[in-house]
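Please look through the sequence and the model first, then read the points below.

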Amino acid sequence: MERFILSLDEGTTSARAIIFDRESNVLSVGQYEFPQHYPKPGWVEHNPEEIWDAQFRAIKTALERAKIEPSQIAAIGVTNQRETTIVWDRSGKPLHNAIVWQCRRTAEMVEKIKREYGDVIKEKTGLVPDAYFSASKLKWLLDNVPGLREKAEKGDVLFGTVDTFLIYRLTGEHVTDYSNASRTMLFNIRRLEWDDELLEIFNIPEEVLPEVRESSEVYGYTKRELLGAEIPVSGNAGDQQAVLFGQAGFEAGMVKATYGTGSFILANTGKTVRYSNNLLTTIAWGLNGKITYALEGSVFITGAAVQWLRDGIRIIKSAPETEELARKLESNEGVYFVPAFVGLGAPYWDQFARGLIIGITRGTGREHLARATLEAIAYLTRDVVEEMERLVGIKELRVDGGATANDFLMEFQADILNRRVVRPVVKETTALGAAYLAGLAVDYWESLEEIRSLWKAERVFEPTMDEETRGRLYRGWKEAVKRAMGWAKVVGA
Ligand code: ADP
């Protein structure tokens with residue numbers, strides 16, 4: 001009987017289950033949203049039971065749609081929204097809502113810790129201390145949920161990110177992988193262990209921590225009562241790392257960019273830990289006894305700027321319309337748009353920057369704004385890639401996410417980077433990465449070479465812009481960014 005791989009892609013707003021065949025085609029998808037809880041301004045929670053419920057229903061739906069039996073699943077891979085923090089007891093019962101990566105409740109706590117230990121934390125974890133990562137969220141839970149710390153010290157509390165929670169529910173094993181561990185801000189990415197000094201700084205009892213395993217190995221088997229079959233769970237990686245793997249970005253210098261609401265850019269740096277002040281250093285995966293590292297940069301607003309054209313100032317009806325408009329012009333005619341709606345992320349890190357449109361004349365119309373928006377997405381990506389380039393030679397950019405449907409954007413991206421931009425056939429790259437990791441562990445796929453041959457480009461965009469034009473356009477962008485920076489301070493907003 002033909003066998004398949006089931007990939008669980010647990011995101012921030014929905015849980016998906018996707019079934020892949022041996023050629024890595026998508027057979028079926030199940031997807032359910034789960035509620036977001038906002039108990040106070042700036043606080044974001046998920047109910048772990050609601051995540052589990054959505055995830056389990058997604059699995060059932062995917063199996064039904066594919067018309068296959070659970071026994072035909074050769075292995076399960078897991079990928080997840082990273083950093084989101086859950087505590088539960090040995091029966092699997094959550095002891096509080098999950099604190100989501102977006103939640104800012106520990107911002108002040110982290111500011112204090114950062115002042116004293118910022119450099120130590122960066123050196124050990126590769127991360128710039130922020131409320132975003134799990135450490136301070138876990139400390140908050142231990143300090144604020146009545147009785148939790150006592151229970152934890154007795155060994156009755158299990159902590160994990162969502163991957164760990166799902167794998168615990170599926171198999172009863174308390175494990176995570178290197179890529180997820182590297183986002184907790186408690187894991188030493190060089191020594192590859194939970195770091196005693198960091199555990200002390202955040203006052204975390206070691207008993208709560210999961211075992212850290214490779215990203216591709218059998219962690220356990222699904223409990224029979226769940227699906228009627230004991231299926232190996234054998235792949236795990238954080239979502240952005242899973243994309244890099246799903247894009248077959250196996251060698252140093254491979255870069256992936258995911259263009260959604262914002263953009264996430266990851267560069268494989270191979271076996272070397274590389275540091276940049278303006279980027280995060282993270283573990284891409286642990287595989288066959290080796291760790292692969294990555295540099296990561298995130299841009300807060302990219303696709304969201306297109307949404308703003310549609311829903312905010314309503315100069316377009318749909319996102320694809322931007323392409324048609326942009327193509328009406330030969331050039332941007334000096335109009336730039338810096339969509340710094342919520343400040344600027346990597347590599348600028350200016351929380352006071354605000355959006356700016358500059359270069360407007362009497363002749364400026366909506367086609368200019370559309371073009372400037374798409375160009376901005378490409379410039380913002382170049383800003384990050386350029387920072388990466390100082391640390392690792394960049395080969396090509398592999399892209400995915402909603403906005404990659406825009407051919408103008410892809411062409412301009414290749415031009416402004418002066419690098420090949422490659423769009424894959426399978427757009428479900430996050431789930432595919434977890435599937436590849438799971439399949440490798442059970443010899444469903446034999447080697448990275450086999451996976452490399454499965455991964456197929458749908459379209460390759462080669463740069464065609466001359467150097468003078470590229471330089472001039474990009475200089476204009478840098479000037480526009482300068483003018484957008486610090487604006488909230490100027491106006492006291
Ligand atoms: P997310 O996972 O963050 O919700 P998606 O990967 O679904 O994002 O991508 C959606 C984003 O891509 C939206 O912000 C949307 O504005 C943008 N987008 C979708 N299609 C296009 C297009 N043809 N041109 C430009 N932007 C697009």
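## Briefing

Glutamate 83 counts as buried, with a relative accessibility of 2%. Buried means under 20% relative accessible area, exposed means over 50%, and partly exposed is in between (1.4 Å probe, protein chains only). This is a predicted model: local features need pLDDT of at least 70, side-chain atom pairs count only at pLDDT 80 or more, and totals for chains, interfaces and linings use all residues. Residues are numbered from 1 along each chain as its sequence is written, and side-chain values use heavy atoms, with hydrogens and water left out.

- Most residues other than glycine have a negative phi, and most peptide bonds are trans.
- Glutamate 83 is not a glycine, yet its phi is positive, at about 70°.
- Glutamate 83 sits in the loop between strand 5 (73–80) and strand 6 (86–88). Strands (E, at least two residues) and helices (H or I, at least four residues) are DSSP runs, numbered from the N terminus.
- Alanine 248 also has a positive phi, near 55°.
- The loop between helix 9 (239–246) and strand 15 (255–259) holds alanine 248.
- Alanine 248 is buried, at 2% relative accessible area.
- A cis peptide bond runs from alanine 346 to proline 347, with omega near -5°.
- Proline 347 belongs to the loop between strand 19 (336–338) and strand 20 (356–358).

**The ligand site**

- Which residues come nearest to the ligand? Of the 14 residues around the ligand, they are Thr261, Gly303, Gln307, Gly402 and Asn406. A residue is near a molecule or strand if one of its heavy atoms lies within 4 Å of it.
- Helix 10 (residues 303–312) gives the most to this shell, with four residues.
- The shell has six nonpolar residues, eight polar and no charged. Here Ala, Val, Leu, Ile, Met, Phe, Trp, Tyr, Cys and Pro count as nonpolar, Asp, Glu, Lys and Arg as charged, and the others, Gly among them, as polar.
- A polar backbone atom of glycine 402 lies 2.8 Å from an oxygen atom of the ligand.
- Alanine 403 places a backbone N or O atom 3.5 Å from a ligand oxygen atom.
- Asparagine 406 uses its side chain: an N or O atom there is 3.0 Å from a nitrogen atom of the ligand.
- On its own the ligand has 580 Å² of accessible area, and the protein covers 66% of this. Accessible areas come from the Shrake-Rupley method with a 1.4 Å probe.

- Six strands form an open sheet with mixed pairing, in the order 3-2-1-5-14-13. Two strands pair if DSSP finds at least two bridges between them.
- Strand 3 (26–33) and strand 13 (216–221) are the edges; each has a single partner strand, so one side of each lacks a neighbour in the sheet.
- Neighbouring strands here are turned by 25° against each other on average, direction ignored. Axes are lines fitted to C-alpha atoms, and angles run from 0 to 180 degrees between N-to-C directions.
- Strand 2 (residues 14–20) pairs antiparallel with strand 3 over seven bridges. Phenylalanine 20 has valine 26 in strand 3 as its bridge partner.

**Strand 1 in that sheet**

- How many residues of strand 1 (residues 4–10) are buried? Seven of its seven residues are.
- In a regular strand the side chains alternate between the two faces of the sheet.
- Both faces of strand 1 are covered: Phe4, Leu6, Leu8 and Glu10 are buried on one side, and Ile5, Ser7 and Asp9 on the other.
- Strand 1 runs parallel to strand 5, joined by seven bridges. Isoleucine 5 stands opposite alanine 75 in strand 5.
- Strand 1 runs antiparallel to strand 2, with six bridges. Aspartate 9 has arginine 16 in strand 2 as its bridge partner.
- Strands 1 and 2 form a hairpin, with three residues between them.

- Seven strands form an open sheet in the order 17-18-16-15-21-22-23, and the pairing is mixed.
- Strand 17 (280–287) and strand 23 (457–461) stand at the edges, each with a single partner strand, so one side of each has no neighbour in the sheet.
- Neighbouring strands of this sheet are turned by 25° against each other on average, direction ignored.
- Strand 17 and strand 18 (residues 290–299) run antiparallel and share seven bridges. Leucine 280 stands opposite glutamate 296 in strand 18.

Terms used: Polar contact = N/O pair within 3.5 Å; in protein donor to acceptor, adjacent residues only side chain to side chain.
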